[in-house]
Amino acid sequence: MNGRLGRALTIAAMLFGVGQPVFAQGKPAPIAEAVVGQSGFIDEAWDYFGTIGGGLRVFVTPRLAIGPEVAYLSGEFDASNLTVTANMTFDIVPDDGRRRVVPYLVAGGGYLRQKTLVGGGPGSTALVPFTSSEGTMSAGLGARIALGSQMFVAPEFRLGWEPESRLAITIGMRFR
């Protein structure tokens, strides 16, 4: 295990060192985001969940950003989901600080934990807790709309797998 940890730390240090010169190339400032919306799963019919979460986005090039996101989804009958994803966004037009609207493409993938109540089996009327974990992925598009030099609002739509759809509003703030 120490060998793996040592290799991982060496690779991280090398990548950190390689990334330093890129910081001087006029990239947008990092972004902190809060997300509110609705996510949908399809079984026999659509099940919708209120969605709330947050994330961080760091630009690795002037138009490409990466970062983590955590979202909690709450639905009927004590159903809930937790997603932890790594997201990547690509600005369709450069975010040079002068544009009021910056459309972007987004893709992400990660972990989904589901918790719900299900039937107790044939002939049973009792509901029992059920928990599962699996991968999640989605892709879509959005647009950051400036509310000032540091704040923005961004409507976003994604399609994917677990959940199959997400319509959200992101409120973000740039670190300057």
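A residue counts as buried when its relative accessible area is under 20%. The model is predicted.

Q: What percentage of the 176 residues in the protein is buried?
A: The cut-off is a relative accessible area under 20%. Applied to the 176 residues of the protein, it gives a buried share of 31%.

Q: In what order do the elements of the protein run from the N terminus on?
A: The protein has one helix and eight strands. From the N terminus on, the order is α-β-β-β-β-β-β-β-β.

Q: Over how many bridges do E5 and E6 pair?
A: Strand E5 covers 101-119 and strand E6 covers 127-146. Gly-119 stands opposite Leu-127 in E6. The two strands, E5 and E6, pair in the antiparallel sense, and the number of bridges is 19.

Q: Which residue in E5 is the bridge partner of Asn-81?
A: E4 and E5 pair in the antiparallel sense over 12 bridges. For Asn-81, the partner in E5 is Gln-114.

Q: Is Leu-112 buried or exposed?
A: Leu-112 sits in strand E5. Its contacts beyond four places in sequence include Phe-41, Leu-82, Ser-132 and Glu-162. The relative accessible area of Leu-112 is 0% and the cut-off is under 20%, so Leu-112 is buried.

Q: What distance separates the C-alpha atoms of Leu-112 and Tyr-72?
A: Leu-112 belongs to strand E5. Along the chain, Leu-112 and Tyr-72 are 40 residues apart. Their C-alpha atoms are separated by 9.8 Å.

Q: How much space lies in the largest cavity?
A: The count comes to two cavities of 30 Å³ or more. The largest cavity is lined by 19 residues, with Thr-136, Ser-138, Arg-158, Pro-163 and Arg-166 nearest its centre. Its lining divides into five nonpolar, 10 polar and four charged residues. The space in the largest cavity is about 150 Å³.

Q: Which element gives the most to the lining of the second largest cavity?
A: The second largest cavity holds about 120 Å³. Of its 17 lining residues, those nearest the centre are Glu-33, Arg-57, Asn-87, Thr-89 and Arg-158. At least two lining residues come from each of E1, E2, E3, E4, E7 and E8. With five residues, the element that gives the most is E3.

Q: How many charged residues does the lining of the second largest cavity have?
A: Glu-33, Arg-57 and Arg-158 are among the residues nearest the centre of this cavity. By class, the lining of the second largest cavity has seven nonpolar and four polar residues, and its charged residues number six.

Q: Which element supplies the largest share of the lining of the largest pocket?
A: The largest pocket has a volume of about 490 Å³. It is lined by 20 residues, and Phe-41, Asp-47, Phe-49, Ala-79 and Thr-116 lie nearest its centre. E1, E2, E4, E5 and E6 each supply at least two of the lining residues. The largest share, four residues, comes from E5.

Q: How many residues from E6 line the second largest pocket?
A: About 180 Å³ of space lies in the second largest pocket. Asp-95, Arg-99, Ala-146, Gly-148 and Arg-174 are the closest to its centre, out of 16 lining residues. E6 and E7 each supply at least two. The largest share comes from E6, and its number of residues is three.

Definitions and conventions
Residues numbered from 1 in each chain as written. Predicted model: local features only at pLDDT ≥ 70, side-chain atom pairs only at ≥ 80, totals over all residues. Heavy atoms only, no water. 1 Å grid on protein atoms, 1.4 Å probe; cavity = no way out; pocket = protein on both sides within 12 Å on 5 of 7 lines; lining within 4 Å. Points joined across faces, edges and corners; volume = space filled by probe spheres on them. Nonpolar A, V, L, I, M, F, W, Y, C, P; charged D, E, K, R; others polar. Pairing = 2+ DSSP bridges. Buried < 20%, exposed > 50% of the residue type's maximum accessible area, 1.4 Å probe, protein only. Contact = heavy atoms within 4.5 Å.
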